[in-house]
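Reader: Hi! I'm new to this one, could you walk me through it?
Author: Happy to, let's have a look together.

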Amino acid sequence: KLFDIYLSSVGRGSVLLLNIPPDQRGLFHEKDIKALYGLRKLIQRELGRNRALNAGATASNVRGQAGAYAATNVTDNNNDTYWATDDNVTTASLEIDMGKVQTVKYVMLQEYIQFGQRVKAFEVEAWTDGAWHRSASATTIGYKRILKIAPVKTGKLRINITASKACPVISNVAIY
């Protein structure tokens, strides 16, 4: 249950506020501590290994075809780099190639929030059985969006930005 709260708060760009008060001794209750350690263990198990780290990435459009805005910026684990499209392009696709087939259960996306929240709608597709199949669709990304998807064995994911207020600017894509 705590993990679901984590996904619906942190996974939607918010903070995790559990309001766990100290007991009459001025300490956190042992049951609360045990639950929090359990949450930490679950987060590490489910979201501890980014399968997209340094993975290959391509995009349907790259701002000015410049390396500074390349698709691979979303997998470099650097929050100061990002993929961007040309100004007049508000829908685009970003493909992540993990190099081998593996089970995927979560996809995390982040916009380069210094330029504001731009994405209004997007979908995630997995390459299975020789074709793209939709795994999830959602509205807004913002600072951070973690999507839980039905586990799928795939080597490639595609993020389709289907609506955006301005050209999309994505700083990070992580796959777990």
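Reader: Thanks! How many aromatic pairs does the structure hold?
Author: The structure holds seven of them. Rings of Phe, Tyr and Trp (its six-membered ring) pair if their centres lie within 6.5 Å; planes under 30 degrees apart count as stacked, over 60 as edge-to-face and the rest as tilted. One of the pairs is Phe3 with Tyr106, edge-to-face, at 5.9 Å centre to centre and 90° between the planes.

Reader: Which parts does that pair tie together?
Author: Phe3 belongs to helix H1 (residues 2-9) and Tyr106 to strand E3 (residues 92-111), so the pair ties together parts that are 103 residues apart in sequence. Helices (H or I, at least four residues) and strands (E, at least two) are DSSP runs, numbered from the N terminus.

Reader: Are Phe3 and Tyr106 buried or exposed?
Author: Both Phe3 and Tyr106 are buried. Buried means under 20% relative accessible area, exposed over 50%, and partly exposed in between (1.4 Å probe, protein chains only).

Reader: Good to know. Before we go on, where do these values come from?
Author: This is a predicted model: local features need pLDDT of at least 70, side-chain atom pairs count only at pLDDT 80 or more, and totals for chains, interfaces and linings use all residues. Residues are numbered from 1 along each chain as its sequence is written, and side-chain values use heavy atoms, with hydrogens and water left out.

Reader: Back to the rings, then. Why is the pair of Tyr82 and Phe115 edge-to-face?
Author: The ring centres of Tyr82 and Phe115 are 5.6 Å apart and their planes are at 85°, so this pair is edge-to-face. Tyr82 is in the loop between strand E1 (56-59) and strand E2 (83-84), while Phe115 is in the loop between E3 and strand E4 (119-128), 33 residues apart. Tyr82 counts as buried at 13% relative accessibility, and Phe115 as partly exposed at 43%.

Reader: Which residues do ring pairs link into a cluster?
Author: That cluster consists of Tyr69, Tyr82, Tyr112 and Phe115. The charged end of Arg63 sits over the ring of Tyr69, 5.9 Å from its centre. A charge sits over a ring if NZ of Lys or CZ of Arg is within 6 Å of the ring centre and within 35 degrees of the ring normal.

Reader: New topic: which residues touch the most other members of the largest nonpolar core?
Author: Those are Ile96, Phe122, Ile159 and Val173, in a core of 31 residues. A nonpolar core is a set of buried Ala, Val, Leu, Ile, Met, Phe, Trp, Tyr and Cys residues joined through side-chain atoms within 4.5 Å. The largest share of this core, seven residues, comes from E3.

Reader: And what does Ile159 touch?
Author: Leaving out residues up to four places away in sequence, Ile159 touches several residues, including Ile96, Leu109, Phe122 and Val173. Contact means heavy atoms within 4.5 Å. Apart from that core lies another, of twelve residues, among them Phe3, Ile43, Leu47 and Tyr106.

Reader: Last one: how many bridges join E3 to E6?
Author: There are 13 bridges, and E3 and E6 run antiparallel. Two strands pair if DSSP finds at least two bridges between them. Val107 has Leu147 in E6 as its bridge partner. E3 is also joined to E7 by five bridges, again antiparallel, and Leu109 stands opposite Val173 in E7.
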